[in-house]
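Please take a first look at the model shown here.

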Amino acid sequence: MTDIRWTPSLVEERLVEAADTLRRLPDVRVQGFASTWPPMLREFWDSCAVAEITLRRPPPSAAAITRMDGALPWLRLLDPLDARIVWLRATGEPWKAICWKVGLARTAVNEHWLFALCVIAWKLNGRRLPRNRSRRQVIMATRSVDQ
């Protein structure tokens, strides 16, 4: 297996892929009652009034599910608020809705999100996060290393 040098953008891509994979998994259904009646035959006029069918994307591949299983534990490396912001953003939630859900301003949410991606990238690369640095210093240090 090749060693990947993780960057915040690679972490973000993997989490977005994990959210998409999770969304594409088949729905969990409870085994319930079954009908013994034969299927009802519809006539042409009955099918005209049927609402449009929404199409779903095909189920994810086994490799995508494996990558999702590897990426979801990354959220446990974060503070719960940061993990919630990262996951909401990975699912495609707009920034305004995220701000309302977590109760922070747009700039604070963006800083929490960038810091969380940097923390995941640092820990996946085997580096320790410095305790005496602020969020902005960690983000700037990560940007300088990536360039």
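Leu-78 touches Ala-83, Val-86, Ala-116, Val-119 and Ile-120, leaving aside residues up to four places away in sequence. Contact here means heavy atoms within 4.5 Å. The model is predicted: local features need pLDDT of at least 70, side-chain atom pairs count only at pLDDT 80 or more, and totals for chains, interfaces and linings use all residues. Residues are numbered from 1 along each chain as its sequence is written, and side-chain values use heavy atoms, with hydrogens and water left out.

**Confidence**

The predictor's confidence in each residue is its pLDDT, from 0 to 100. The chain averages 87, and 90% of the residues score at least 70. Among the elements, helix H4 (residues 80-90) has the highest mean pLDDT, 97. Helix H2 (residues 44-48) has the lowest, 66. Helices (H or I, at least four residues) are DSSP runs, numbered from the N terminus.

**The core**

Leu-78 is also one of the residues with the most contacts inside the largest nonpolar core, which has 30 residues. Val-11, Leu-15, Trp-74, Val-86, Ile-98 and Val-109 share that listing. Helices H1 (8-24), H3 (62-71), H4, H5 (95-102), H6 (106-124) and H7 (135-146) each supply at least two residues of this core. H6 gives the most, with 9 residues. A nonpolar core is a set of buried Ala, Val, Leu, Ile, Met, Phe, Trp, Tyr and Cys residues joined through side-chain atoms within 4.5 Å. Buried means under 20% relative accessible area, exposed over 50%, and partly exposed in between (1.4 Å probe, protein chains only). In soluble globular proteins, nonpolar side chains tend to be buried together.

The buried residues of H1 include Val-11, Leu-15, Ala-18 and Ala-19. Asp-20, Thr-21 and Arg-24 are buried there too. In H6, the buried residues include Trp-113, Phe-115, Leu-117 and Trp-122. Gly-126 follows H6 and has a positive phi, near 85 degrees.

His-112 is found in H6. Is His-112 buried or exposed? His-112 is buried, at 11% relative accessible area. Its side chain makes a polar contact of 2.6 Å with that of Asp-82. Such a contact is a pair of N or O atoms within 3.5 Å; within protein, one must be able to donate a hydrogen and the other to accept it, and residues adjacent in sequence count only if both atoms are side-chain atoms. Leaving aside residues up to four places away in sequence, His-112 touches Leu-81, Asp-82, Ile-85, Leu-104 and Arg-135.

Arg-84 lies in H4. Arg-84 is partly exposed, at 42% relative accessibility. Arg-84 and Arg-24 are 60 residues apart along the chain, and their C-alpha atoms are separated by 20 Å.

**Cysteines**

How many disulfides are there? The count comes to 0, with a disulfide taken as a pair of cysteine sulfur atoms within 2.5 Å. The sulfur of Cys-99 is too far for a bond, because the closest cysteine sulfur, in Cys-118, is 19 Å away. Cys-99 is buried at 13% relative accessibility. Cys-118 is buried at 3%.
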